[in-house]
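Please read this briefing beside the sequence and the model. It takes up how neighbouring chains meet, and then the form of a single chain.

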Amino acid sequence: MIVRDRPSGLRLFLTMRGSILSRIWKSLLVTTVLAIVVTLTGGVLMHHKITLTTIPFTLMGLPLAIFLGFRNNSAYDRYWEGRKLWGELVLRSRNFSRQCLSLVGPVPPGKVDGVGVDIDVRARMIHRAIAFAHALRHQLRDSDSTAELKSLLTADEWQRLAKASHKPHFLMERMGEDLRHCLNDGRIDTVLTASIDATLSAMVAAGAACERIKNTPIPFSYTLLLHRTAYLYCFLLPFGLVDSLGFMTPFVVGIVAYTFFGLDALGDEIEEPFGVSANDLPLEAICRVIEINLRESLAEENVPRPFAPVDYQLT
Amino acid sequence: MIVRDRPSGLRLFLTMRGSILSRIWKSLLVTTVLAIVVTLTGGVLMHHKITLTTIPFTLMGLPLAIFLGFRNNSAYDRYWEGRKLWGELVLRSRNFSRQCLSLVGPVPPGKVDGVGVDIDVRARMIHRAIAFAHALRHQLRDSDSTAELKSLLTADEWQRLAKASHKPHFLMERMGEDLRHCLNDGRIDTVLTASIDATLSAMVAAGAACERIKNTPIPFSYTLLLHRTAYLYCFLLPFGLVDSLGFMTPFVVGIVAYTFFGLDALGDEIEEPFGVSANDLPLEAICRVIEINLRESLAEENVPRPFAPVDYQLT
Amino acid sequence: MIVRDRPSGLRLFLTMRGSILSRIWKSLLVTTVLAIVVTLTGGVLMHHKITLTTIPFTLMGLPLAIFLGFRNNSAYDRYWEGRKLWGELVLRSRNFSRQCLSLVGPVPPGKVDGVGVDIDVRARMIHRAIAFAHALRHQLRDSDSTAELKSLLTADEWQRLAKASHKPHFLMERMGEDLRHCLNDGRIDTVLTASIDATLSAMVAAGAACERIKNTPIPFSYTLLLHRTAYLYCFLLPFGLVDSLGFMTPFVVGIVAYTFFGLDALGDEIEEPFGVSANDLPLEAICRVIEINLRESLAEENVPRPFAPVDYQLT
Amino acid sequence: MIVRDRPSGLRLFLTMRGSILSRIWKSLLVTTVLAIVVTLTGGVLMHHKITLTTIPFTLMGLPLAIFLGFRNNSAYDRYWEGRKLWGELVLRSRNFSRQCLSLVGPVPPGKVDGVGVDIDVRARMIHRAIAFAHALRHQLRDSDSTAELKSLLTADEWQRLAKASHKPHFLMERMGEDLRHCLNDGRIDTVLTASIDATLSAMVAAGAACERIKNTPIPFSYTLLLHRTAYLYCFLLPFGLVDSLGFMTPFVVGIVAYTFFGLDALGDEIEEPFGVSANDLPLEAICRVIEINLRESLAEENVPRPFAPVDYQLT
Amino acid sequence: MIVRDRPSGLRLFLTMRGSILSRIWKSLLVTTVLAIVVTLTGGVLMHHKITLTTIPFTLMGLPLAIFLGFRNNSAYDRYWEGRKLWGELVLRSRNFSRQCLSLVGPVPPGKVDGVGVDIDVRARMIHRAIAFAHALRHQLRDSDSTAELKSLLTADEWQRLAKASHKPHFLMERMGEDLRHCLNDGRIDTVLTASIDATLSAMVAAGAACERIKNTPIPFSYTLLLHRTAYLYCFLLPFGLVDSLGFMTPFVVGIVAYTFFGLDALGDEIEEPFGVSANDLPLEAICRVIEINLRESLAEENVPRPFAPVDYQLT
């Protein structure tokens, strides 16, 4: 995600960071060169004057507007839904840590902690919630979660995790087991268990919805139909403009193509919001927020610092 | 669902897989041939020059834009809602297995498992949840669920299922009975029973919403009015263009008809997202994900592998 | 609701079933006749040439597009929300029957069934849920519910129902009493009572939302403003077209008026989706689905068959 | 709210009840007179021919369409959300009365009713729910609630209510106290208390959301920008049309201004849906529905009759 | 937020308070001066006549309409969601105070208040809820919360709060602890604890969603692409208009630029609705409402008065 104020004045046109230009310059160049050629030949192609006026472009503009508007909205909806889901994860993690600390009681006298380890089961659950966020991020980005998860889990558990096909689901089931331990030990009754279980379910829901966005692109036929229409439009445009605009034709075609291709490329980028390109969601920074909140709840010492943008960008 | 990257360069125009062209080539051919005829005769029909200018198309463009935009949005909304519902089923199944394993206790000493079979009732509930997903898919696709369900149920239960008019509802009631057994056996109290019951209700909700989408198309009169307008528009278009565009008329009519008919056919395809055509939802792959997650939760051996796209397509 | 595939080829234009033409033919005829008169007189009205060009129609097109698009969307939203609410009723009824059968225990030994009748209270509750759906439908359609409800209730109860001003509310309160009986008899504890009560509340919610749609039309001033604009547009259109289109004027005016009046009439029809006209929701078929599901849950003998479309239509 | 069928034929244009004309006739008159003056002078202002063609209006049409479309949608959304909230209040009130009557048990033997009055606490809670609806309506309409609330409350309570700054909140807290009494008296356990409390919370939510709509208009700068653009558009329009339309100019300007100002005025009216103007929500009728339902639940004698529209209008 | 009625007549054009003009006058001036220069030179730039007609602006209008419409809607959605979230906070606070006072019982005989302070724990929880709203506001506005929070908390707690990196989260955890104390003291059972905990979770959810809006702007590339297109459009416009409009060109360019830049600047302002500029949300007034409601619930003496608009503005 790019974090910067809107540039003003001339810099508005010179800013390259965050500009979509770097993705579309090839198509733009081809279109503009074509427009120059058409302008120089006066729209004559193989001894035939191509009699296109601006009428076809008005007619084609109608489906194109529907396509581009639709794509724009659906891509942004996916982006924003992805952001909402991670916001949901942040708040559910906060609720989870509050619930663990206030609803789970101390170990009853005469009993040892059911999990048989020296760390309190409440802290372990909260650590696993941090691990859940990291594991989900790595799954969405197809990246390697080893380094981050190792420090949050015991060596034994980490080895079991490495074998699981769906890491967040594995961690979630471990949290379910922890809850069971607390219930067996009499540290919580079934009513409050149900409350915490509902929080776990909500975290699963957020994770599964992220997977849905990742795994289900906008139907391919849509994208294909849109691209074909947009490209045809821009390639034919110089023939329609050359008679009335003359030497200004390549300039106008370039601007129109810039907006069309730019809108399209922007849609491509944000419709899959969990990647690492410039406009994608800063999942790393969000996971860090979760980690900070939850470690502070446990009054831990080694609380990391929030990420700051590097070159205006958060990843 | 088609899973592939967007083709670039010339291949963008040559790709047939996933193109809507295969569905609309007949209408497109008729329209283009008509345009050629009109071009050759100069717009004269039975000794009468048809005096259409582009004005009627501008006027008709207004309701057409409303129709196509509406249809496009409502068809995609149905598609995306269908996808969300199956995502919901995935996450509810995960929650269900976690809840079964962590909230249902072991058989109390001195009691035998209430269901009187050798499989644990928790495993049976989870198997039935897998069966629920498969049964729902087969119901939505009007296909035969025998093969898949047989392996998940006992022979006796499977025979009863075969007689039920609504298979997912039947399976759901069996899960309700299982829950009752656990409650009677004292393996779970009523509070946690209510939690699991709520998860079952959410699975019923997802299933019923899928049926709603399947059984309620966009009102027929809409579709009829839209088709008539779109076809009239394209059939009349050559008369309006021939005077200004000359020999380019069939080409322009072809492009315009391609986008209109394509948008319309695409709507037809995705408005019923549970079928097996190219752009429909990959229900089989999603059911497989559910099966993998739930079998892994039970630490079973015979976990199937996820589906991979065949010829870029998941079904 | 009309259930049929989209007609293809020439039949697309000849289909009358489900066409909106039967509702708008009068307005359409008046407009077309007017257009013919204007064409014959060349746009001269009482010795004055009406100097309308197409410009006013472009200007008026803007608010008209906003009106028609808005009306189209809001009418469909009402239709689709109505359908969702009945889908909700289907699923809540299924959940209700599952909950009644799995969460309510048998009559405890040494107690007689608290309701003092020979039918089990669980069956009675489920019968009342079926009656609730029927009563809601009849209330929404202002039709007589006597016949259907009589067979589902005891004679005594049916007489009390006949006096109630709000029949679904009356039935719901009886279900609440049944639940109380179960609670008093110790067949269910308060936790599971709360679960079933929540299901009842959800059924009330669906019913009340249907009433909201029925009782609150789109604000009258909107409709009035829209109609006036659409009619003025179509009546003035021939004056604007006659100079450029000549004898084609009535034809073009006819098409444009067909789409405008059609879109408008379609909105009229589906904005009140609970009626019995061609495009309204098939409430009878949905109620039948509920009845089948619930009677099958009770393993009853006299399960009715689902409705099949008559002349492509479900009511 | 205006309740009437759509007028047909000539009456469509003559209906004044519900027409927005009464709100905009001044602006409309000014615009039309201006258009007549411009027509008579041929667009010459102080010896300068104002060379406006229709081009500026096409260009200005774009932002204007965005403004009017946005305003139209957001105003209607507010209207419809307001209606939903009152529908929510209706259903929550019904649920509340059902829950009070079925979940709260009788006074246990050996205890007197904790509230120490002769009316049962359940009836008192339901009366307070009726009062809540009335108080909310009066608060939203800034009207005096004395008359209606006096008959529903004891003299003592009514006096305390009169001093509270937020009457619905005061009543809600009294209902909370009633619930506490029931809990203390052992007439209900904590589980069912939580259910009823959740219903109270939902009623608070509906009320607070109504306040939100009332207190937060569409941002003033929007409205200002929209009005300025619409007025400038209509005042300049005659200069742009006079050359091509001649004596028809005032007529066309009048129609265009009617749709623009009408759409705008309609937005003004329904964006604050809780008032008492013609298109506002019939809060009084809705409150009456609540009162009827709840009094019938209590089997009271003095059940009022539903409101009928007066001169097609419900308030 | 600006609270005033719409000005009528001439004042509509003279009002500066709330007008967006103060933000865009620089760009507007540059554009208009450029238009004057172009008009004076007749569109000749360095001895070359720039042959732009209005065609490019029609073509560019399409993507521009998509951009501006999208931006307008998404900015307003953010604004309205922000408002909804604060409405949510208001109602949850009201529910929280009602629940604290009606669901938490008195200190049981023979026990002292577990928190060991002289203020009742219920009052302390409600004070903390007030502090939560203030802390959230200060966090969203990056302002200093010292003054307001000091009076609501004990000196000791205030010092701990000052060190916390996330103040609302810290306060929420303290409320969780309070709830735990009540539970330990037997003043509330686990069922009602779960109800109050759910209210706390909803408050956390509202707060986290506000942070999401604050921290995630509309993707920068969108804004950049939109600004570039809008500026290019307005800078080129005089060349396209000068031939047909003559000396009216600067006037028309000025109006068009005013609407485009105004729409854009308005989006800039309300897309981050938690600031203190003229059209932002009146968070201070909303916090005051919460404080008044909650202090009145506690029957406190020092209830502050609601804020009144200063110079038509609430902050």
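Which residue of chain E forms a salt bridge with A:Arg98? The partner is E:Asp197, and the closest N and O atoms of the two residues are 2.9 Å apart, a salt bridge being a side-chain nitrogen of Lys or Arg within 4 Å of a carboxyl oxygen of Asp or Glu.

This is a predicted model, in which local features need pLDDT of at least 70 and side-chain atom pairs count only at pLDDT 80 or more, whereas totals for chains, interfaces and linings use all residues. Residues are numbered from 1 along each chain as its sequence is written, chains are lettered from A and ligands numbered from 1 in the order in which they are written, and side-chain values use heavy atoms, with hydrogens and water left out.

**Chain E against chain A**

- Contact, meaning heavy atoms within 4.5 Å, links 58 residues of chain E with 65 residues of chain A.
- About 5,500 Å² is buried between chain E and chain A, with 68% of it given by carbon and sulfur atoms; buried area is the accessible area (1.4 Å probe) that two parts lose on being put together, summed over both.
- On the chain E side, the residues that lose the most area to chain A are E:Leu59, E:Phe220 and E:Arg228, which together make up 13% of what that side buries.
- Between these chains there are two salt bridges and 16 residue pairs in polar contact, both residues being at pLDDT 80 or more; a polar contact is a pair of N or O atoms within 3.5 Å, where within protein one must be able to donate a hydrogen and the other to accept it, and residues adjacent in sequence count only if both atoms are side-chain atoms.
- Among the elements of chain E that each supply at least two residues to the side touching chain A are strand 2 (48-49), helix 3 (55-103) and helix 9 (220-245), while helix 8 of chain E gives the largest share, 14 residues; helices (H or I, at least four residues) and strands (E, at least two) are DSSP runs, numbered from the N terminus.

**Chain D against chain E**

- Here 58 residues of chain D are in contact with 65 residues of chain E, and the two chains bury about 5,500 Å² between them, 67% of it on carbon and sulfur atoms.
- One salt bridge joins D:Glu211 to E:Arg94, with the closest N and O atoms 3.1 Å apart.

**Form of chain A**

- Chain A has 11 helices and two strands, and its C-alpha atoms fill a box of roughly 100 × 35 × 30 Å along the principal axes.
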